[in-house]
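Please keep the structure open beside you as you read.

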Amino acid sequence: MAPSKPSTKSAEDFLSFVNASPTPFHAVQNAKQRLEAAGFKQIKERDAWSSILHPGGKYYMTRNTSTICAFAIGAKWRSGNPIAMIGAHTDSPCLRIKPVSKKQSDGFLQVGVETYGGGLWHTWFDRDLSIAGRAMCKMDDGSFVQKLVKIDRPIMRIPTLAIHFGRQDNFEFNKETQLYPIAGLVAAELNRQGKAPGDVKKDNEEREDSENNFHPLKTPTERHHPYIVEMIADEAGVSTAQIVDFEMVLYDTQKSCLGGLNNELIFSARLDNLMMSYCSTMGIISSLEDPKALDNESSIRLISLFDHEEIGSQTAQGADSNLLPAVIRRLSVLPSAESSPSDSDASYEKVHADADTATAYEQTLSTSFLISADMAHSVHPNYPAKYDSEHRPEMNGGTVVKINANARYATNSPGIVLLQEMARRAKKASYVSGAELAKAATGVPLQLFVVRNDCPCGSTIGPMLSAALGARTLDLGNPQLSMHSIRETGGAHDVEHAVNLFESFFLHYSEMGNKILVD
């Protein structure tokens, strides 16, 4: 009898997520849709939560529409109880269109771009590129509305210099002068507009024939190639004149896909860190599939997907902001479902409730746990000497626990003990490596990673959040190759491993969290 074929269902669902998410704005939008389908309700940060949130409820909020925080409140929640948290990030290194991007040289239309994050920029050459992001549009009622934009056809390319003009053993280029994509030919664009070379007439929309048409800044069609603005407007469903400003990035139009001889690999953009954003979202959703999942829950299950990790997180929507501390502070003082004292003892209860509320935030943090989920490094078969001989994570070998003696990662022994228990209790993936695990009814594998002493070590949101919150924290991620490339490689079966691990974390933390305490 032939062995059953490993399932790639989770990997294929992830591919649909990442292909629809070329920017953090789109990633948050797609996470919102999945959460809403699972019964989560949107709340606003600006509103009072005390009358909105209730034990047993599921909610989410966004900031800048590029960061999202979602949580489910246990029906047995009490003020000061713990929160089981997973943090990830929605951004990836990319090229962003400059505020004034219109360029042309030697008959070519070019677009000015700015590097975002620490990308492997040589991988962006000779790729079929398009643009995506958000446009701010002025509506007929005078309001300004954000519209998401994703142009699905290739319109730009950064061409390399032919080898005949100079052979380079190391591909070197100037990021300011030689990383500009071409978007077409000047002659073709003039022909489209019905203009002749030297014709400087303006479109009617740009004529300043009254005070009402005064623009403190040049209009988008003056700062950018008009056809690009037209394409953005068409995609947003508004007129060109309604486009006031936009934030657009370049992305590779080649779809993410399964690869390898047995479809055991994923070839994709933005694995770092949309894979962990996806697994976090699906982990909390999976933990709530049972309609009674929150009936006996005494904690809160929370995910927070932040923007701007790739540039240091020190923004309003980054992990180094007040977002997560503010959310936890507001949640920590939520009353339980039973807290409705009678008139006779209301005064006594209020005194004690006020005292408890004063320390609820600190109580919650002292018993909470944060998983910092960011992609990890797989061993590279062409560069084995770059890895410690005892710490060589393998693709499809399970999620990687990341450890660093200099606290570049926040993992410590109590966290490893807790995570092992969660991994042991997790649903067995449809594919696991190792004969012993394959025989088990439950459990997903884990791996350990430590960087070599003679190599630099990256970092994550884990250390900064553990320092800000004082909550126990562990860093982990699925293994991948080519991190920060325009096209990365991961393991198809590790998607399911991580989803099952995160589901187990949410299901079992209330029971296990207070059994592994180190004061």
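Which residues have the most contacts inside the largest nonpolar core? They are Phe-14, Ile-266 and Phe-502, in a core of 58 residues. A nonpolar core here is a set of buried Ala, Val, Leu, Ile, Met, Phe, Trp, Tyr and Cys residues joined through side-chain atoms within 4.5 Å; buried means under 20% relative accessible area, exposed over 50%, and partly exposed in between, with a 1.4 Å probe and protein chains only. A second, separate core has 33 residues, including Cys-94, Trp-124, Ala-236 and Ile-243. In soluble globular proteins, nonpolar side chains tend to be buried together.

Before going further, a word on the model. This is a predicted model, in which local features need pLDDT of at least 70 and side-chain atom pairs count only at pLDDT 80 or more, while totals for chains, interfaces and linings use all residues. Residues are numbered from 1 along each chain as its sequence is written, and side-chain values use heavy atoms, with hydrogens and water left out.

Leaving aside neighbours within four places in sequence, Phe-14 is in contact (heavy atoms within 4.5 Å) with Ile-266, Leu-271, Leu-274, Met-275, Tyr-278 and Val-495. Phe-14 is also one of the buried residues of helix 1, together with Ala-11, Leu-15, Phe-17, Val-18 and Asn-19. Helices (H or I, at least four residues) and strands (E, at least two) are DSSP runs, numbered from the N terminus. The buried residues of helix 1 pack against helix 2 (24-37), strand 8 (144-150), strand 11 (257-259), strand 12 (265-268), helix 6 and helix 12.

Now look at how helix 1 (residues 9-19) meets helix 6 (residues 271-286): they pack at an angle of about 115 degrees, with their axes 10 Å apart. Axes are lines fitted to C-alpha atoms, for helices over the stretch in contact, and angles run from 0 to 180 degrees between N-to-C directions. Ser-10, Asp-13, Phe-14, Phe-17 and Val-18 of helix 1 make the contact with Leu-271, Leu-274, Met-275, Tyr-278 and Met-282 of helix 6. By class, these residues are eight nonpolar, one polar and one charged; Ala, Val, Leu, Ile, Met, Phe, Trp, Tyr, Cys and Pro count as nonpolar, Asp, Glu, Lys and Arg as charged, and the others, Gly among them, as polar.

Strand 19 (residues 479-481) and strand 20 (residues 488-491) run antiparallel and are joined by two bridges, with Leu-481 partnered by Thr-489 of strand 20.

How many residues of strand 4 (residues 83-89) are buried? Seven of the seven are, so strand 4 is largely enclosed by the rest of the structure. Ile-83, Met-85, Gly-87 and His-89 are on one side, with Ala-84, Ile-86 and Ala-88 on the other. Strand 4 pairs in the parallel sense with strand 13 (residues 300-306) over seven bridges, and with strand 14 (residues 369-373), also parallel, over four bridges. Ala-88 stands opposite Leu-305 in strand 13, while Gly-87 has Ser-372 as its bridge partner in strand 14.

Finally, turn to helix 12 (residues 494-512), where Ala-498 is found. At 0% relative accessibility, Ala-498 counts as buried, and beyond its neighbours within four places in sequence it is in contact with Met-276, Cys-279, Thr-399 and Asn-478. The axes of helix 12 and helix 9 (residues 413-425) come within 8 Å and cross at roughly 115 degrees.

Conventions
Pairing = 2+ DSSP bridges.
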